[in-house]
There are 2 protein chains.
Amino acid sequence: MITLDVALGDRSYPIYIGSNLLGQTELLKKHLGGSEVLVVSNETVAPLYLDKLMASLEGCRAESVILPDGEKYKTLDVLNNVFTALLEKRMGRQTTIVALGGGVIGDMAGFAAACYQRGVPFVQVPTTLLAQVDSSVGGKTAVNHPAGKNMIGAFYQPKCVIADTAVLNTLDDRQLSAGIAEIIKYGLIRDEGFLLWLEENVEALVGRDTDALVYAIEKSCINKAEVVAADEHEHGQRALLNLGHTFGHAIETAMGYGEWLHGEAVAAGMYMAADLSARLGWLTKTDVARLEKLLRRANLPVKGPSISIEKMKDLMAVDKKVQDGQIRLVLLKAIGEAVVTDDFDAALLDQTLEQCQV
Amino acid sequence: MITLDVALGDRSYPIYIGSNLLGQTELLKKHLGGSEVLVVSNETVAPLYLDKLMASLEGCRAESVILPDGEKYKTLDVLNNVFTALLEKRMGRQTTIVALGGGVIGDMAGFAAACYQRGVPFVQVPTTLLAQVDSSVGGKTAVNHPAGKNMIGAFYQPKCVIADTAVLNTLDDRQLSAGIAEIIKYGLIRDEGFLLWLEENVEALVGRDTDALVYAIEKSCINKAEVVAADEHEHGQRALLNLGHTFGHAIETAMGYGEWLHGEAVAAGMYMAADLSARLGWLTKTDVARLEKLLRRANLPVKGPSISIEKMKDLMAVDKKVQDGQIRLVLLKAIGEAVVTDDFDAALLDQTLEQCQV
């Protein structure tokens, strides 16, 4: 088992990465706030792993609430089911909420923990590759609004993250690839060495090679933890983790949440960011072709769905990076070097949006 | 104008108390996070004071959203209207949310500010006596759940509190008395000198004497600010501010939110706490009679509505002070000295609940 540290002063916490961690009783128990636990999971994950997790909580008062599966259920309404469960079960302020699921469950359970009685302890047990490499680390929690993704939420750090690689065996191929998109992101924005490794090993990831997965998860979490420790509340460099996300969130919102997986939308969005960066003269055509090849090998899209340029821009204007009404994007000065900027010609953005869709 | 400080390190902020502060442009403007403002108000307050507030925001992009008036609208559903307004108006992360209203508006606008894009700046402009002396200070924000009051929320401090005593002229008598209940609370839990002043001046407060009101608001805010500065997240002494609230919240939930005003329910709850404290031998019958007299002079109830003891206890078990399933209450060791305790005979609580209802 690998243990990484997210260094946030008195809110620091460990990330545990390894195989069959779900069955290890003491790992979870030592991070509980008391003897009461509510596990939040979904209809897909619960039949596979809930019993195993509950067994590791023997001696606690462990309850569970099962939400429907999918991004389209990441709403205030569905979140309210978690509060209702907590209140009906008379669960107190020392209750620990455990997220057992992918990014949607982690975001919702974390936001519920941030809000229930104004804050109760929280543990992440991510069961998708995307959640293990990205969304479970760093304390961003949220639900969606019909008008914009992740617009209602909180910065709220977990007590620990338990990333059990064994659970990835039951993940479907599309979800696996979606996770690889966020892994590629770390290479693009700040770690060209890791990108080179990915270019040599992407088929091993797609083929679920355990060693390759553990390495990619570890490298991703190290990158994420460094950025989060330096800028927890996204006043600066943390925004770089949003490479491809302004485009991607617009795709997800336009298509209806859940039609495109988040990682798929981010893949297409990263390609758009690279395309625009090339139009600005920052990347070469070779760089863009290099990214395209890697995304294709990971079975990820490089083109977005057919959406009018006006609608894309309108949706991109609902973004947490907007300042004074001006869209700001994460673009690439070079492979491995990202920046947040509003210094681009609007006509070039139009060209990118026009060219990068099916 | 009086200026008090809530000392919370880099989250410290001023409370301004005085007459006709609403029209003072620079007071509000210097606490904005940027040039965008969303004012959250309700159908009762907006027709009286929204124009005046908006005029003081000249030069900003100031928008407003008007919610229905009343505790029964303090829900996640109605809160979502604030998020919808923010998103439809394309308001960014530098937007300041200004609460113009009583405790319900302050709690909801503050919670919206805590959650929108994971946190935007926030200013309190309380327009009821209760909000000026209690709920606008200290950063507690929340909405209700049908099963329990203030169960979904956040600790989120405002950038400033502007308590304009002139707006109290339009407050109805019942609301005014409800505010006096929370003022009396400070005397009971930690400031017997203030309680003596109240016993000499309660008719002046009921009669809206400006000097008396300003003094009572100042003394209340000083007490509140001291407690909050010492224990922002209620790990200890802040719970003492909850005198009467476990009883009171149960009354509000049982009767349907809004039937009893919060301050009325707290008044009856404080009397219950005093009654139980006397049964425990901590207060004398004279102390209890003294409180009863003061509450009656403030036109406040001392008896709760008719609710079965079992229902009261069931609702009281949904309380943020519950630990390991055990109800904990704020009781009085003496006038001016409150404690949080679970060390009381259950039969005595039953007697109090039985005796203290109409």
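This is a predicted model: local features need pLDDT of at least 70, side-chain atom pairs count only at pLDDT 80 or more; totals for chains, interfaces and linings use all residues.
Local features are given only at pLDDT of at least 70 and side-chain atom pairs count only at pLDDT 80 or more, while totals for chains, interfaces and linings use all residues. Residues are numbered from 1 along each chain as its sequence is written, and chains are lettered from A and ligands numbered from 1 in the order in which they are written.

Start with chain A as a whole. Its secondary structure comes to 13 helices and 11 strands. Both are DSSP runs numbered from the N terminus: helices are H or I with at least four residues, strands are E with at least two. The radius of gyration of chain A is 20 Å, close to the 21 Å from the globule rule for 358 residues, so chain A is as compact as a globular protein of that length. That radius is taken over C-alpha atoms, and the rule is 2.2 Å times the number of residues to the power 0.38. Along the principal axes, the C-alpha atoms fill a box of roughly 60 × 40 × 35 Å.

Of the 358 residues in chain A, 54% are buried. A residue is buried if 20 or more other C-beta atoms lie within 10 Å of its own, exposed if 12 or fewer, and partly exposed in between, with C-beta atoms placed from the backbone. Two residues are in contact if their C-beta atoms, placed in that way, lie within 7 Å. Among contacts in chain A between residues at least 6 apart in sequence, 75% join residues at least 24 apart.

Now look at strands 3 and 4. In chain A, strand 3 (residues 36-42) and strand 4 (residues 61-67) pair in the parallel sense over seven bridges. Pairing requires at least two DSSP bridges between the strands. A:Ser41 has A:Ile66 of strand 4 as its bridge partner. With helix 2 (residues 46-55), these strands of chain A make a right-handed β-α-β unit. Right-handed means that, with the strands pointing away from the viewer, the path from the first strand over the helix to the second runs clockwise.

A:Ser56 lies in the loop between helix 2 and strand 4 of chain A. A:Ser56 is partly exposed, with 18 other C-beta atoms within 10 Å. Leaving out residues up to four places away in sequence, A:Ser56 touches A:Leu22, A:Gly23, A:Gln24, A:Thr25 and A:Leu28. A:Lys29 is 27 residues from A:Ser56 in sequence, and 8.1 Å from it in space, C-alpha to C-alpha.

Turn to helix 2 (residues 46-55) of chain B. B:Ala46, B:Tyr49 and B:Leu53 are buried there. The face turned away carries the exposed residues B:Pro47, B:Asp51 and B:Ala55.

Finally, the two chains meet. 28 residues of chain B are in contact with 28 residues of chain A. On the chain B side, helix 3, helix 4, strand 7 and strand 8 each supply at least two residues. Strand 8 gives the largest share, six residues. By class, this side has 15 nonpolar, eight polar and five charged residues. Here Ala, Val, Leu, Ile, Met, Phe, Trp, Tyr, Cys and Pro count as nonpolar, Asp, Glu, Lys and Arg as charged, and the others, Gly among them, as polar.
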